[in-house]
Amino acid sequence: MPPLPVEVALRAALQAGAAVHGTTSPNPPVGAAILSADGQLVGVGGTQPAGGPHAEVMALRAAGDQARGGMAVVTLEPCNHTGRTGPCSQALVEAGVAYVRYLHSDPNAAASGGADYLRAHGVDVQQLPDEAPDLAPWLAAVRMSRPHVTLKFAQTLDGFTAAEDGSSQWITGEEARRHVHADRRRRDAIIIGTGTAVADNPSLTARLDDGLTHQPRRVIIGTRDLQRPGFEQYPGITQALAALWETGARDILVEGGASLASSFLEAGVVDAVQAYLAPTLLGDGRGVLARAVGPTLADAIAFDLDNVIRLGDDVLLEMTRRD
């Protein structure tokens with residue numbers, strides 16, 4: 001290991017990947033950073049929208065000649081195939097990079113092999129033990145050959161998403177709602193059912209004041225012909241996931257309602273959960289799910305708790321499905 005500040009480059013690469021999350025599909029939101037031979041951070045880049053340069057190329061462009069003899073730190077193994085862009089492994093070799101450190105191996109058989117190519121061309125290559133959270137949905141989607149699905153809901157302490165009269169605005173506070181909009185911008189698509197579309201007429205847009213304009217695709221599942229401009233509609237979950245996958249979506253969010261949430265769970269395609277928990281009690285009302293997904297506690301669908309985030313007076317629980 002050369003005496004270079006790998007941690008500095010890794011932080012920069014992770015930040016670059018996070019900054020492009022939601023804009024790169026079907027490609028992964030990769031970040032890359034270049035250290036010069038004397039340990040200076042000289043280039044940082046994130047993967048551009050499909051058809052554009054990958055993270056390594058963006059970082060190499062920023063580094064210029066200072067990349068020669070230096071190190072590249074990348075959140076995903078550099079690709080080794082020619083698609084709409086050339087192989088990043090070749091670009092690193094041509095730039096004279098002496099060391100490459102990466103986090104995740106590429107699960108895409110068509111693009112993998114970059115590490116071997118680099119080693120064969122005299123580059124010192126090592127895989128780091130860290131993880132890139134922004135890559136998790138894409139990595140899972142590639143393994144499953146379908147979009148990664150996150151089920152999101154907001155509820156009271158006693159598990160209700162709306163009061164008896166149907167009112168639900170707002171269960172959570174302003175900070176939690178801002179977080180929802182920021183999260184929407186990172187998704188490829190947001191899905192609701194026809195019931196929610198008719199009852200709430202949601203816009204499903206990411207409304208933020210930072211001037212960034214990326215918006216997720218807006219999807220309705222159900223057989224009622226709603227003819228909503230700007231929305232895609234599919235009759236069922238299977239058709240929706242297949243169509244979204246084929247058209248490049250890898251990271252999708254299911255926002256409602258209770259019947260649709262139950263159907264996704266019954267279909268076994270909920271990979272993660274975002275539960276926004278408000279410090280209020282209703283005693284009765286509408287639940288997160290429309291029906292039981294198992295007759296006994298032993299049949300409950302279990303999740304592992306990954307993160308607990310306080311948002312004002314509310315709490316966000318982020319979970320992944322237990323294998």
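# Briefing on a two-domain predicted model

The centres of domain 1 and domain 2, taken over C-alpha atoms, are separated by 33 Å. The contact between them (contact means heavy atoms within 4.5 Å) takes seven residues from domain 1 and eight residues from domain 2. Domain 1 covers residues 6-136 and domain 2 covers 146-321, with bounds that come from an automatic or database domain assignment. This is a predicted model, in which local features need pLDDT of at least 70 and side-chain atom pairs count only at pLDDT 80 or more, while totals for chains, interfaces and linings use all residues. Residues are numbered from 1 along each chain as its sequence is written, and side-chain values use heavy atoms, with hydrogens and water left out.

**Helix 1**

- Helix 1 spans residues 6-20 and has 15 residues; helices (H or I, at least four residues) and strands (E, at least two) are DSSP runs, numbered from the N terminus.
- From its first C-alpha to its last, helix 1 reaches 21 Å, close to the 21 Å expected at 1.5 Å a residue; the expected span is 1.5 Å times one less than the number of residues.
- The buried residues of helix 1 are Val-6, Ala-9, Leu-10, Ala-12, Ala-13, Ala-16, Gly-17 and Val-20; buried means under 20% relative accessible area, exposed over 50%, and partly exposed in between (1.4 Å probe, protein chains only).
- An α-helix has 3.6 residues a turn, so residues three or four places apart point the same way.
- Glu-7, Gln-15 and Ala-19 are exposed on the other side of helix 1.
- The cover over the buried residues of helix 1 includes strand 1 (31-35), strand 2 (41-46), strand 3 (71-76) and strand 4 (99-104).
- Gly-22, whose phi is positive, near 100 degrees, follows helix 1.

**Loops**

- Pro-26 is placed in the loop between helix 1 and strand 1, and a cis peptide bond with omega of about 10 degrees joins Ser-25 and Pro-26.
- Gly-51 lies in the loop between strand 2 and helix 2 (55-63) and is partly exposed, with a relative accessible area of 37%.
- Leaving aside neighbours within four places in sequence, Gly-51 is in contact with Asn-27, Arg-84 and Thr-85.
- Pro-78 is found in the loop between strand 3 and helix 3 (88-94) and is buried, with a relative accessible area of 0%.
- Pro-78 and Cys-88 are 10 residues apart along the chain, and their C-alpha atoms are separated by 5.5 Å.
- Ser-145 is in the loop between helix 5 (136-144) and strand 6 (148-155); although Ser-145 is not a glycine, its phi is positive, about 55 degrees.

**Strand 6**

- Gln-155 lies in strand 6 and counts as buried, at 16% relative accessibility.
- Not counting residues up to four places away in sequence, Gln-155 touches Phe-160, Thr-161, Ile-171, Tyr-276, Leu-277, Ala-278 and Val-288.

**A charge over a ring**

- Arg-250 lies over the face of Trp-245, at 3.6 Å from the ring centre; a charge sits over a ring if NZ of Lys or CZ of Arg is within 6 Å of the ring centre and within 35 degrees of the ring normal.
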